[in-house]
Amino acid sequence: MNTEIGTDLNKALTLLQSGQTVGVPTETVYGLAADANNDDAILDIFKAKGRPTSNPLILHFASLTQALPYIDVFPEIFQKLASVFCPGPLTFIVPKSSLVSPLITGGQDTVAIRFPKHPTLQELLSALGRPLAAPSANLYGQLSPTTATHVLEQLTGRIPYILDGGACWEGLESTIIGLENERVLIYRHGGVTTEALAEVLGYSPAAKVHEHNGVLTSGMVKHHYATQTPLFLGFKPSHENQNALQITIGKNELITGPHLVLSQDAALTEAARNLYAALHEADAAQVLKIYVEPFPNNGLGLAMNDRLSRAAAKFAS
Ligand code: TXA
Ligand code: MG
């Protein structure tokens with residue numbers, strides 16, 4: 001199959017309507033989308049990514065009104081959070097209605113729903129008039145894409161079309177939340193920070209981001225979001241000068257050899273926007289190792305440390 005990149009929304013729409021998969025831009029990372037009401041198209045998502053079908057997908061909607069038929073209950077506290085953060089990088093786990101195929105939920109009776117902010121995707125969802133199921137548009141376990149070219153690098157020959165909406169401006173996947181015993185819990189750190197949620201909730205939501213009772217979310221899998229080049233958290237030892245690449249949050253005059261800076265001003269939002277692109281670039285730089293300076297453990301730093309520690313876990317001996 002020939003994979004094309006373009007900005008033709010009608011082409012993307014026609015392909016989706018005919019049951020094909022399309023790479024689509026979101027504000028977080030690119031998604032690999034298919035009509036959520038077409039089981040064959042959903043199966044093609046799993047096939048293209050090499051992802052196990054036990055790993056559930058997020059449903060993307062243009063609005064809460066469009067989502068209501070697909071869910072059983074949308075708790076009041078989620079409505080409050082949605083009114084503040086949506087459309088945007090926040091995903092809600094809620095009881096599903098019978099309209100949602102078990103292929104999307106991995107057989108679970110809950111479904112993940114999200115209202116993306118990217119105008120191109122909003123236009124596509126409105127034109128389609130039905131939800132799109134979409135995981136991140138990468139091969140299973142590998143780096144997430146924040147440009148159409150990143151998608152092409154991993155999925156070329158596997159999907160017909162990538163709708164180019166420019167570089168993703170958040171750069172990190174959505175925050176995933178659920179409700180247990182009347183309390184909001186974070187299942188995956190992401191674009192909406194714990195601190196921002198706490199401000200609305202009046203308490204700091206606990207995080208449940210590690211495996212329990214088997215795999216529930218791929219974000220909980222220990223090895224994930226990985227580069228091909230071995231990746232380590234920290235600073236490279238001086239003897240590895242030219243053979244290893246260092247990524248730092250801000251400028252650092254002490255680093256010698258290959259070096260990428262995520263944000264000249266060491267600003268976390270800019271670092272988050274650039275993180276995956278820097279990892280893609282580092283992976284292509286033909287070095288033996290990649291070292292990444294750890295982020296402060298708050299705000300967006302929590303989500304970035306989470307992704308990096310799962311990537312590094314793959315190479316820990
Ligand atoms: O920002 C994002 O969320 C991006 C863009 C494309 O929207 N999507 C994304 O999808 O990151 P994916 O499939 O790479 O990660 C979604 C996570 C997975 O870890 C999946 O296991 C979890 O959401 N998930 C989906 N449905 C779930 C459910 N019913 N219960 C618990 N976790 C669920
Ligand atoms: Mg993913």
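Let me begin with one side chain: that of Lys96 reaches the backbone oxygen of Val100 at 2.8 Å. I count such a pair as a polar contact, meaning N or O atoms within 3.5 Å, where within protein one must be able to donate a hydrogen and the other to accept it, and residues adjacent in sequence count only if both atoms are side-chain atoms.

The model is predicted: local features need pLDDT of at least 70 and side-chain atom pairs count only at pLDDT 80 or more, while totals for chains, interfaces and linings use all residues. Residues are numbered from 1 along each chain as its sequence is written, chains are lettered from A and ligands numbered from 1 in the order in which they are written, and side-chain values use heavy atoms, with hydrogens and water left out.

Lys96 lies in the loop between strand 5 (90-95) and helix 5 (102-105). Helices (H or I, at least four residues) and strands (E, at least two) are DSSP runs, numbered from the N terminus. Lys96 is buried but forms no salt bridge, and Asp109, the nearest side chain of opposite charge, is 8.5 Å away. Buried means under 20% relative accessible area, exposed over 50%, and partly exposed in between, with a 1.4 Å probe and protein chains only. A salt bridge requires a side-chain nitrogen of Lys or Arg within 4 Å of a carboxyl oxygen of Asp or Glu. For charge, Lys and Arg count as positive and Asp and Glu as negative; His and the chain ends are not counted.

I turn to helix 2 (residues 39-49), whose buried residues are Ala41, Ile42, Ile45, Phe46, Ala48 and Lys49. Seen down the helix axis, these fall within an arc of 165°, so they line one face of helix 2. The arc is taken from the directions from the helix axis to the C-beta atoms. Asp40 and Lys47 are exposed on the face turned away. At the N-terminal end, Asn38 caps helix 2, with a side-chain oxygen 3.1 Å from the backbone nitrogen of Asp40. Just after helix 2, Gly50 takes a positive phi of about 70°.

In helix 4 (residues 76-85), Phe78, Leu81, Ala82 and Phe85 are buried. Their arc is within 105°, so they too line one face of their helix. Glu76 and Ser83 are exposed on the other side of helix 4.

Finally, the domain assignment, automatic or from a database, gives domain 1 (4-207) and domain 2 (231-312). Their C-alpha centres lie 27 Å apart. In contact, meaning heavy atoms within 4.5 Å, are 21 residues of domain 1 and 15 residues of domain 2.
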